[in-house]
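I opened the model to look up the ligand site. My notes follow.

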Amino acid sequence: MRPFTYARATSIDGIHAVQSATGARILAGGTTLYDLMKLGIETPGHLVDVTSIAGLDEIRSHQDELIFGALVTMSDAAAHPAVLQRAPVLAESLSKAASPQLRNMATLAGNLLQRTRCAYFRNGPEYPCNKRMPGSGCAALDGLDRGHALFGGSRSCIAVYPGDWAVALAALDATVDVHGSRGMRTLEVANLHRLPGDTPHLETVLEPDEMILNIRVPVGRLGQASTYHKIRDRESYAFALVSAAVALELDDGMVRQARIALGGVATRPWRVPAAEAALAGQRLDRAAALEAGRVAFADARPGQHNGFKVALGTAAVADALMIAAERSPSR
Amino acid sequence: MSEHDPSPHDRSHDLSINRRDVMLVGVAMTGVTLVGFGETTAATPSAPVARPEMNLTIHFQVNGRPIEMSVDPRASLLDVLREQLDLTGAKKGCDHGQCGACTVHVDGRRVASCLTLAAKMEGRAALTIEGLTPADGPLHPMQQAFIDHDALQCGYCTPGQIMAAVACVQEGHASSEAEIREYMSGNICRCGAYVGIVAAIRDAAVTMGG
Ligand SMILES: Cc1cc2nc3c(=O)[nH]c(=O)nc-3n(C[C@H](O)[C@H](O)[C@H](O)COP(=O)(O)OP(=O)(O)OC[C@H]3O[C@@H](n4cnc5c(N)ncnc54)[C@H](O)[C@@H]3O)c2cc1C
Ligand code: SF4
Ligand code: FES
Ligand code: FES
């Protein structure tokens, strides 16, 4: 592993200055960054540990909004009563991710910025990979693409964004507050990650000196009737083969509003507005739910080994809609 | 800039990063001790290999014992426990957070020690399988239950399983077999001793009052 200096920040002031002067990277739980440093894929010369900064590990439940500090751990957020009650899709996206040990370590901001699990990316220089080494090619395009994207891929990269939490956040129109040398700004989670295009090594729209401080989730009429439905190769402790984050507002069995985002099948968290529109004004029954699932996957572009995800994902969306509907205060 | 690059450090950035709240916790590179990203100097990137003087000093507790030691900034808690403190109970299975063999408790919560940077242990307390009960005392109820239920074969995963299982009960996640399976899913057993492991945890949960 490349040597690095380690600094511990006790306040957010000055972190961006250190980052722009030295190229230092933020270290939170380290479950992505340290993992990839061990593999020689991340090679920062300087780390700034932000986990001792006070006040960024709180969850606040306001009337129309849940606010998560960047340093809240996955396990604390997943177990928080207001989150469980007001937006189960969020709690489930976290409790169905990683393992109890990792959820105790990993932070909510770090989670958003986790990197792909593409085996060619992780396994190092014997494979071409445009994300790891721009211009080297993509081993997955003609390779084992069972875990690769059906949506959002390019000729340069078809790596799946593997996280669950960001998918749930995208479904609820969440935003992040970001702090850097240009001051504060707010970004939509759904637009935080870039499509790979010709530059798959550029994964988000964050500047190198920007730090996420808060994650804000509007929860009003939408939230309670929601679920994160995650299909995996094994029952637990695996990344999604396909997942559906769904939130509904129902009125007497009719859909007033539906939100659907897909995980495990796209290069970034993937909202499917066409499927949402297909449900609006409909009575939600199994047939309507399946039709929404079909619409969600209508534009899928499977490769050689991941075509099974179209049928699997269609059913997952339908099941998620039915589970969410059960939770509606007004069915 | 390489290790041998004699060019003087460009101090033009230093003023802009002269912030005391970003505190470097004692790192030396290319012979210069850094006390902060501020006045002293910013670090020289890309020193080729770790040298002893690059170590940093951390203060933490292991199994109730206060420890001050020098660690390589790159070291994991797992490596420090095993290689420097001779506590070889926690095992290295995958070194990437995937198997649970390295599970220990930090400040009362179970973590994967292989993905915990030792540098992050400053001011914290680790509990390993060696510290679960006093050395001359009886076994912990969870250890006894693993023996009673034959909850192991080769034993490599066992210290991690037991530390995870103790946490699982303490968290209140051992109320049913299904819940135990879910909350123990971070611990892989290559020998497939899962049936015994679940039975042991159910038993110990009662003894532990969980
Ligand atoms: C075995 C294994 C299984 C996993 N399974 C799942 C799964 O099923 N589902 C899932 O969703 N995830 C899974 N993960 C991923 C895990 O959830 C992430 O690694 C974790 O959430 C990252 O958070 P962290 O705090 O450890 O981030 P770090 O590793 O500390 O940081 C990750 C990145 O974010 C940057 N960063 C951190 N905090 C900030 C901030 N506040 N502002 C700006 N940048 C920041 C860092 O610089 C780094 O680039 C798994 C990981 C492992 C190792
Ligand atoms: S899919 Fe992307 S990450 Fe995977 S090998 Fe191709 S370029 Fe690399
Ligand atoms: S060695 Fe840490 S999880 Fe496998
Ligand atoms: S007893 Fe052998 S790996 Fe679990």
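**Ligand 1 and its surroundings**

I began with the backbone of Ala98(A): one of its N or O atoms lies 3.1 Å from an oxygen atom of ligand 1. I count a polar contact as a pair of N or O atoms within 3.5 Å; within protein, one must be able to donate a hydrogen and the other to accept it, and residues adjacent in sequence count only if both atoms are side-chain atoms. Gly29(A) also places a backbone N or O atom 2.8 Å from a ligand 1 oxygen. From Thr107(A), a polar side-chain atom lies 2.7 Å from an oxygen of ligand 1.

I noted the cover next. The protein covers 96% of the 990 Å² of accessible area that ligand 1 has on its own (Shrake-Rupley method, 1.4 Å probe; for residues, only the protein chains shown count as cover).

I then looked up the shell. It holds 33 residues, with Ile26(A), Thr31(A), Thr32(A), Thr107(A) and Asp164(A) the closest (near means a heavy atom within 4 Å). Chains A and B both supply residues around ligand 1, so the site is shared between chains.

**Confidence**

This is a predicted model, where local features need pLDDT of at least 70, side-chain atom pairs count only at pLDDT 80 or more, and totals for chains, interfaces and linings use all residues. Residues are numbered from 1 along each chain as written, chains are lettered from A and ligands numbered from 1 in written order, and side-chain values use heavy atoms, without hydrogens and water. I read ipTM 0.95 and pTM 0.92 for the model.
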